[in-house]
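Trainee: Could you take me through this structure feature by feature, giving the general idea before the particular case?

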Amino acid sequence: MPTARAFTTAFRERFGSPPGYYAAEAYDATNLIIAELVKAAKKGRPSRRELVGPLRGSTYTGITKRFSFKPEDGTFTGQGVFLHTVEDGAFRFVGPAPTA
């Protein structure tokens with residue numbers, strides 16, 4: 001799986017600071033949506049409602065993790081949901097989020 005190093009470097013060069021927390025995940029989520037939108041647009045301009053099914057059944061490998069969802073309800077089935085806390089005004093990684 002690719003790393004986020006190239007993303008971080010490009011972000012720093014463009015904006016002069018490191019990306020914020022979840023910026024790489026937001027980049028991945030946006031690209032997942034764009035990929036599904038491009039596929040759906042081959043049949044014409046899709047409505048938001050017409051994108052629900054393809055997004056719920058999508059699988060996408062981004063720079064941070066693999067994204068996949070249950071088609072029946074859109075539940076995230078991929079790995080890589082993490083918890084952070086704020087201590088002294090800074091984010092601190094806690095670890096993986098519980099699955100149950």
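Mentor: Let us begin with the surface, where the accessible areas come from the Shrake-Rupley method with a 1.4 Å probe. This is a predicted model, and the accessible surface of its protein chain comes to about 7,500 Å², with carbon and sulfur atoms accounting for 57% of that area.

Trainee: Which elements make up the protein chain, and in what order do they run from the N terminus?

Mentor: From the N terminus on, the elements run α-α-α-β-β-β-β, which comes to three helices and four strands. The radius of gyration of the protein chain is 16 Å, well over the 13 Å that the globule rule gives for 100 residues, so the chain is more spread out than a compact globule. The C-alpha trace spans about 50 × 40 × 25 Å along its principal axes, and 19% of the 100 residues count as buried.

Trainee: Which residues of H2 are buried, and what do they pack against?

Mentor: The general idea is that an α-helix has 3.6 residues a turn, so residues three or four places apart point the same way. In H2 the buried residues are Ala23, Ala24, Asp28, Leu32, Glu36 and Ala40. These buried residues pack against helix H1 (5–15) and helix H3 (48–56), as well as against strand E1 (59–61) and strand E2 (66–68).

Trainee: Where is Ser58 placed, and is it buried or exposed?

Mentor: Ser58 lies in the loop between H3 and E1, and it counts as buried because its relative accessibility is 3%, where the cut-off for buried is under 20%. Leaving aside neighbours within four places in sequence, Ser58 is in contact with Leu32 and Glu36, and also with Phe67, Ser68 and Phe69; Leu32 and Glu36 are among the buried residues of H2.

Trainee: What is the phi of Asp88, and where is this residue found?

Mentor: As a general rule, most residues other than glycine have a negative phi. Asp88, however, has a phi near 55°, a positive value in a residue other than glycine. Asp88 is found in the loop between strand E3 (82–87) and strand E4 (90–96), and at 87% relative accessibility it counts as exposed.

Note on methods:
Residues numbered from 1 in each chain as written. Predicted model: local features only at pLDDT ≥ 70, side-chain atom pairs only at ≥ 80, totals over all residues. Heavy atoms only, no water. Helix = DSSP H or I, 4+ residues; strand = E, 2+ residues; numbered from the N terminus. Rg over C-alpha atoms; globule rule 2.2 N^0.38 Å. Buried < 20%, exposed > 50% of the residue type's maximum accessible area, 1.4 Å probe, protein only. Contact = heavy atoms within 4.5 Å.
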